[in-house]
Amino acid sequence: MTKVTNLRLVFLLVLPFMLSACSDTDDVSKAVSSTMEQEQSNSKPVNQEIIQTTSKDVHLQDLIHHVAQAKRHAEMHGFVWSTTNALVDKGYAEAEKGNEKIAKSAFQEAKLQFELSMEQAKYAAQHWQLLVPEEY
Amino acid sequence: MKRKIYLTLAMACNMTVAAPIFANPVTDNETVRTFFADVFPELALDSYVDGVYAIDENAREQWLQIEEFPPYEDAIDEGKILFDTPFLNGKSYASCFDNEGISIKQNYPYFDQEKNKVVTLELAINECRTDNGEQPLNYGKGPMAYISSYMASTSSGELINVKVPDNAAALAAYEDGKEFFYSRRGQLNMACATCHMANAGKRLRADTLSPALGHATHFPAYRFKWDDVGTIQRRYAGCNAQIRSKPFKLQSEQYRNLEYFHTYMSNGLPINGPGSRK
Amino acid sequence: MKVKAKVKNDKVKVKLLVKHPMDTGLQKDKNGGDLIPAKYIQELTCVYNNKTVFLGAFGRAVSKDPYLAFSFSGGKKGDTLSLKWIDNMGDTEEVEAVIK
Amino acid sequence: MLENRRKLLKGIVEVTAVLGAALMMPKLAFAKWSKAFDAETTNDAMTGMFNNTDTIASDKVYLKVPEIAENGAVVPVNVKTDIENVKSISIVGFKNPQPLACSFTIPEGTDSDVSIRIRLFETMDVQAIVETHDGKLYSVQKEVKVTIGGCGG
C-alpha cells in the first residue's frame, strides 16, 4: 500500500465524522476534500509502514499489548484523537465483564485510531507547508 | 513550484523536526496579510481585531449591542482586585513585571533566552506567584483569566509587538508553532489553518469562521458558551477537541509555541481584549 | 446590578445589567440531571424623583444576567435613580445610581 | 385581570410615591398578574396580559431583532414606536415554552424605545406589541433563526 492510499483511508474514515459533526456545511467539507486531493496529487509516495489490520483470531492479551504500544507511540507524536482513549477504556471495561468480543472490537478500533493518528503525524511533518499560503 | 520546493525541503529534513533556518517571521506576516487582503479586499487591517464580527454584519450588530454593556467588566474588576492584592510575603504581581504590569500585554508572548522557552502572560503570572511562594493558579479560567483580562485591559489600544529574536532557539519555537498551526490533526483531520485561513469567512453550521489574523488581540475573551472569561489557550484546547484531537495541556510547550506564532501574526494590531464572543 | 445613566439631549439614557441566573426551571443541572428550580426576576423598577420612570415585568425568556436599556425625559445630571428588582423567590436587590 | 393589573400598577406608583424606592409588591395581585407569564400559549398570555387578543399589524412599531441569532440564549431585541399614548410594550416569542417574554410599562415621559436580551428556544417569530391607553394593541413580528452552534465563536 502506498502513502496515497493510506491517506485516502484516513480521509474516508474521517469523512462521515466531518459530515456528522462540526462541519456539516458543504463548503468546508468540500474545501477539506479538495485540499486533500490537491495535497495528494502533489505528494509523492513515500515508504511507510503499512497499517496492519489485526487478524480475527488474535488473542485478547496480545491485542491489549498492541494497543498499549500503539498508544505510547501515538502520544509521542502528539496527534492522539480525542475519541481514542474512550475506546481503550471501553475495551478494558468490557474485558473485565467478560465480553471478549465487544472488548476486542473496541481495542481494534482504538488501535486503528492510534495508527491513523501516527500516519497523520507523519503526513503533517512532511506536508504541513502545503497549507501555508504561497508567497506573493 | 513553491510547493515542490517546500516538499523537497521537508522531505530532506528529519520528519518530525521542522527547519528553523528557513523561518522568516517577517515574510510570513506579509504573506498572511496579502492572503487575507485577497479574501477580504474591503477590510482594513485594524478591523481584524473584531474577529468574526469584522466580516459578518448580522453577527456584528448583535455583538455591538452586547458590547453596550459588556459581560466581561466584572472579570476585569475582579482581576484588578486580585492583581492589587499583595502576596503573603508582602510583594505583589506588580513587582514581577516591567512597568509594574501595566500596559505590557502587547509584548507577550516573548522568547526568554535564559529559560530557552516561550513565556506567555499567563505563564509569567504563575511564575510570579511561585517565585513569591504562592500556589500556581489553574490556567484557562477563573482567577488566572481575571488577572489576565485586567492586564489586557490596561493595554487597550497598544499595538501587539511580539518579537522573534534572531536566535536559533527562538526561531525554532516560532517555527514549531507555525507547524502546529498548519498541521492537520484529530479525527476530523483539520488544521487551525483549515478553518481560520483557507475557510475564513465561510459558514460552518450557524457560525462564520473567523480569520486567524486578529485573533490574539481580543483574548482573554468572555464566551457566552463558557459563561465567563477564558484564556486563548483554553480556546486552543476547545478548538482541538472540536476537531476530535486530544487537547494538549494548557501552557504546554506546544500551545506556548502556537500562541507565540499565532500572536506574532497579529503584530501591529491594537489590543482590544478582553472581548465578548458567542 | 450595574447601572449607567447618562444625560444626553435632555434625556437620561439608562443601561443596566443585573447579575441573575434567570433559571427557567426547564434546565437540568450539569451533574445529576435534576431540574434546576425556576428562579427569575419578575419585576424591575426604576424610580426618579419619587416617580416610577420604568417598570419592567419579566418572564422566564429574559436572558441570564438581564440587560435593559431605556430613556426618559427630565432627569438631571447629579441626581439619583433608584432601581430595584424582585424575583419569584422573593429575593431583591436595590441600587442607587447617580446620573452622569 | 386588566383591572387587577391597573390596580397593581397604580398601587405600585402610589406606594412608590409614599415610600420612595421601597417597593413592596402586593403578592396576591402579582401572582394573578404573572399568569400572563406562565401561560403556555400566546392566546392565554395575551388574555392574561391585556384581556384582549386582537392585535393590529402596524408599521409604526419597529422591532429590531437579528435575522440569525448569534446565540439563542442571548438575542438582543429593541422595540420602538411612533405611536402616541403608549401604555406598555411587550415582547412575545411564539414558540417559547411561555410565549410572553417581558412587558414594559411606559409612564409619561419615558421613551417608547426599549432594549433587552431574550432567550429563543428555537427558530420562531418574535412579536412586539404596543398597548395604547385606549386599549388597542399594535404589533409587528419578525422571524429569528436560531441554530445550535457547531464549533462556534
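**The whole complex**

Begin with every chain displayed. The predictor assigns the complex a pTM of 0.81 and an ipTM of 0.76.

**Chain A, coloured by pLDDT**

Select chain A, whose mean pLDDT is 72, with 57% of its residues at 70 or more. Where pLDDT is low, predicted coordinates should not be read in detail.

Select chain D, which has an average pLDDT of 81; 75% of its residues score at least 70. Then select residues 5-24 of chain D, over which pLDDT stays under 50. For these residues the model has 35 contacts beyond four places in sequence.

Display chains B and D together. How large is the area buried between chain B and chain D? The area is about 1800 Å², and carbon and sulfur atoms give 51% of it. Among the residues of chain B, select B:Gln62, B:Gln65 and B:Lys278: these lose the most area to chain D, together 33% of what that side buries. Chain B brings 19 residues to the contact and chain D brings 17 residues.

Now consider the interactions across this interface. Between chain B and chain D, 8 residue pairs are in polar contact, with both residues at pLDDT 80 or more. The rule for salt bridges finds 0 across the interface of chain B and chain D.

**The largest pocket**

Finally, turn to the largest pocket, with a volume of about 1200 Å³. By class, the lining has 18 nonpolar, 16 charged and 9 polar residues.

Key:
Residues numbered from 1 in each chain as written. Chains lettered and ligands numbered in written order. Predicted model: local features only at pLDDT ≥ 70, side-chain atom pairs only at ≥ 80, totals over all residues. Heavy atoms only, no water. 1 Å grid on protein atoms, 1.4 Å probe; cavity = no way out; pocket = protein on both sides within 12 Å on 5 of 7 lines; lining within 4 Å. Points joined across faces, edges and corners; volume = space filled by probe spheres on them. Nonpolar A, V, L, I, M, F, W, Y, C, P; charged D, E, K, R; others polar. pLDDT = per-residue confidence, 0-100. Contact = heavy atoms within 4.5 Å. Buried area = accessible area lost by both parts, 1.4 Å probe. Salt bridge = Lys/Arg side-chain N within 4 Å of Asp/Glu carboxyl O. Polar contact = N/O pair within 3.5 Å; in protein donor to acceptor, adjacent residues only side chain to side chain.
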